[in-house]
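Subject: Handover of a structure, with findings

Dear colleague,

Please find below the structure that I am handing over to you. My notes on what was found in it follow directly after.

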Amino acid sequence: MTTTTAPQLLGKCPAPGDVRLSHLHATGELIDSYTAVPELLAGLDEAALLRAGTVLSQVHPDALLRRHPGLPEATVAITGSSTIRPMVSPLSAQLARHGFVPRIQVGGYGQYAIELRETHNELFATEPDVTVCLLDADAVFQRLRTPWTPADVRYALRQLSSHLEEITDAYQAKHTGTLVFNTVPLPWYWASQLIDHCSRALLGATWREFNAHLLTFSTNRPGVLAVDTEPLLGETGALADPRASSYANVHFSDEFFSAYAREIGHVVRSLTGRAGKCLVIDLDGTLWGGNLADDGPDGIEISEGFRGEAFHAFQTAVKQLSAQGVLVAVCSKNDEDEVLEVFKQNPELALGADDIVAMAVNWGAKPGNLAEIADKLGIDVNSLVFVDDSAAERGVVRDALPAVPVIAVDADEPALHVRRLLADRWFVTDEITQADRTRVQRYLTDRKRVKLREEVESKADYLAGLGTTVELFDAGHGNAGRVAQLTQRTNRFNLTADRLDTAAVLELIAGQDTEVIAVRCTDRFGEYGTIGAIFTRRRGPVLHIDNFVLSCRVLARDVETACLRAILRQAARAGATKVTAAFRLTGMNDKVKDFYPLNGFTADPDAEDDDTGFSHDLSTVPPNPPHLELVVRLSERLGDRAAE
């Protein structure tokens with residue numbers, strides 16, 4: 001009898017990914033082959049993902065981490081007002097397809113209020129990255145006496161609002177993970193127990209008022225998110241199975257659990273710096289109808305006719321994403337001159353040349369072109385999201401770049417383009433900052449910098465010609481969101497990969513022994529905005545750098561070196577005896593692993609277990625790089641602390 005090996009199974013077997021996953025589990029090879037799981041799960045529908053999640057939920061995370069110690073772990077705690085265990089399987093699949101080792105901890109039935117208040121329970125056996133509190137309508141109505149009126153429901157919902165705010169306070173006093181609530185759907189069978197239209201209208205208004213308050217509360221409370229379930233129900237249909245609801249107190253359907261798990265998967269993805277940064281679009285059959293090479297610029301479908309209108313809707317959706325900071329690039333097999341002519345001369349095209357930050361238009365292989373786009377933009381290739389109508393091109397990209405999400409669209413059904421683009425929340429983020437809104441314009445400005453580099457003879461001339469100014473200043477409430485975003489979305493120069501939300505940043509800003517230093521950068525072509533942050537902590541006479549993050553857009557200019565030297569000089573002036581720093585290798589920051597040694601630091605054996613420690617004795621601090629102007633606007637807090 002011949003045994004099929006895991007590589008053979010992954011590479012040659014035509015069976016769907018969930019079937020291959022089940023085979024790996026049955027043969028005991030799943031743990032060894034876990035790094036291939038995201039590739040197996042790519043493109044599966046919700047039913048297949050649910051089957052895969054059932055298998056994955058049986059694998060203990062500790063076994064996976066022992067075999068693959070470098071893989072990122074995502075810990076999610078789930079609590080709620082009814083039976084919530086059915087969410088484990090779809091959430092396991094969602095986390096695994098994003099490359100995480102899932103550690104899912106489930107609370108007791110209806111115990112959310114107690115569990116979120118208390119620390120010492122199994123729900124928090126491991127401190128979670130995200131805690132999900134899943135609420136349902138029956139928890140409200142079961143508190144009411146029969147008969148009840150809309151006024152009774154209003155009173156109960158107001159009590160619940162106050163209750164949720166109270167337990168949020170208790171949770172955040174003890175935990176740092178993001179807390180996620182959901183708006184509570186109103187099932188028809190509760191509303192239908194009122195027989196007059198006026199009462200039903202009042203109930204609907206009251207219910208929406210509660211959900212609106214919950215959504216508003218989450219936007220004003222750092223570290224708290226609320227998932228709006230109304231759009232999810234529009235996708236999934238039935239809210240619950242009546243038999244499961246009655247017999248097992250499972251008040252949500254498998255379809256709803258799957259859709260909600262998808263949302264939570266993207267919450268975790270964004271909080272850990274894996275949100276998409278650049279949407280790369282194909283042209284023929286994707287951005288417009290027809291084939292430019294065959295049909296010519298006047299023959300392609302852009303906005304006229306029912307198909308043209310569908311393509312135009314897709315263009316508009318892409319432009320909407322661009323306006324919120326998503327970079328848009330083009331990767332197409334075409335002649336570049338012809339493509340540029342379409343963008344410049346066709347006013348009906350919703351996207352203009354100024355909306356596109358990079359183009360790879362040629363007849364070369366698309367994986368290489370995608371890598372070139374990422375390199376040109378200074379981002380990791382797995383920060384790209386690729387859309388193409390060709391199954392062959394999608395397959396080539398998936399094989400060569402398995403970390404790049406690939407969205408399938410059908411040239412014959414452009415009406416589905418927008419839905420397929422947005423079905424996964426690849427670009428979801430905690431909040432949109434001013435830096436996001438101006439990101440596209442900043443990348444377009446980079447073209448002027450590229451032109452300068454091409455015109456001068458040496459890198460030294462280029463750096464001198466840029467006229468770069470670097471400013472260090474104390475972070476505050478106004479830019480805490482941007483600083484948090486930098487920790488979440490920066491990967492190459494993120495020296496410990498500590499991902500912080502806005503609440504955590506604000507806590508560090510307010511701390512007695514901690515300081516958050518923001519970095520701003522400008523040059524002759526314009527402003528970069530806030531592009532970095534340094535997190536320091538006082539340990540007696542020692543200043544410790546907890547983390548240092550810097551946008552890759554300003555690397556190779558010595559900005560990072562200038563910032564570090566400024567911190568060293570500040571510490572020396574304040575009387576510190578030395579500066580220590582931590583580095584944690586993540587697989588994405590390996591190119592800067594020697595940053596501290598190259599800047600005069602030596603190995604420090606007292607570092608924490610997961611970190612490589614470095615120490616600087618402050619005996620000699622080199623001057624600033626000559627091509628940079630450094631402006632330091634820091635308070636005297638560091639000096640006061642170091643002198644204590």
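In strand β4, the bridge partner of V130 is T178. Please note at the outset that this is a predicted model. V130 belongs to strand β3 (residues 130-134), and three bridges join β3 to strand β4 (residues 178-182), the two running parallel.

In β1 (residues 73-80), seven of the eight residues are buried, so the strand is mostly covered. In β3, five of five residues are buried. In a regular strand, side chains alternate between the two faces of the sheet. For β3, V130, V132 and L134 point one way, T131 and C133 point the other way, and all are buried.

The structure holds five cavities of 30 Å³ or more. Rolling a probe the size of a water molecule over the atoms shows where empty space is left. In the largest cavity, that space amounts to about 270 Å³. Its lining consists of 21 residues, with K277, R439, R489, T490 and S551 lying nearest the centre. By class, the lining of this cavity has eight nonpolar, five polar and eight charged residues.

Which helix gives the most to the lining of the largest cavity? The answer is α24, with four residues. Helices α22 (439-455) and α24 (480-489) each supply at least two residues of this lining. Helix α24 is largely enclosed by the rest of the structure, because 10 of its 10 residues are buried. Among the buried residues of α24 are R482, Q485, Q488 and R489.

**The second largest pocket**

The second largest pocket has a volume of about 1,200 Å³. It is lined by 41 residues, of which E263, V428, T429, D430 and E431 are the closest to its centre. The lining of this pocket comprises 18 nonpolar, 11 polar and 12 charged residues. Several elements each supply at least two of the lining residues: α11 (197-219), β5 (224-227), α12 (229-236), α14 (254-271) and α20 (417-422). The largest share, five residues, comes from α14.

**Aromatic residues**

The structure holds 17 aromatic pairs. A pair of aromatic rings is described by the distance of the centres and the angle of the planes. Y596 and F601 form one of these pairs, with 5.0 Å centre to centre and 55 degrees between the planes, and the pair is tilted. Both Y596 and F601 are buried.

Y596 also pairs with F614: the ring centres are 5.8 Å apart and the planes stand at 40 degrees, so this pair is tilted. Because Y596 lies in helix α27 (residues 595-598) and F614 in strand β17 (residues 612-616), the pair ties together parts that are 18 residues apart in sequence. F614 is buried, as is Y596.

Elsewhere, F141, W148, W188, Y189, W190 and W207 form one aromatic cluster. A ring also meets a charge in this structure: the charged end of R520 sits over the ring of F473, 4.0 Å from the ring centre.

**Residue Y155**

One further residue deserves a short note. Y155 is found in helix α9 (residues 150-174). Is Y155 buried or exposed? Y155 is exposed, because its relative accessible area is 54% and the cut-off for exposed is over 50%. Y155 and T206 are 51 residues apart in sequence, and their C-alpha atoms are 9.6 Å apart in space.

With kind regards

Note on methods
Residues numbered from 1 in each chain as written. Predicted model: local features only at pLDDT ≥ 70, side-chain atom pairs only at ≥ 80, totals over all residues. Heavy atoms only, no water. Buried < 20%, exposed > 50% of the residue type's maximum accessible area, 1.4 Å probe, protein only. 1 Å grid on protein atoms, 1.4 Å probe; cavity = no way out; pocket = protein on both sides within 12 Å on 5 of 7 lines; lining within 4 Å. Points joined across faces, edges and corners; volume = space filled by probe spheres on them. Nonpolar A, V, L, I, M, F, W, Y, C, P; charged D, E, K, R; others polar. Phe/Tyr/Trp six-rings, centres within 6.5 Å; stacked < 30°, edge-to-face > 60°. Lys NZ or Arg CZ within 6 Å of the ring centre and 35° of its normal. Pairing = 2+ DSSP bridges.
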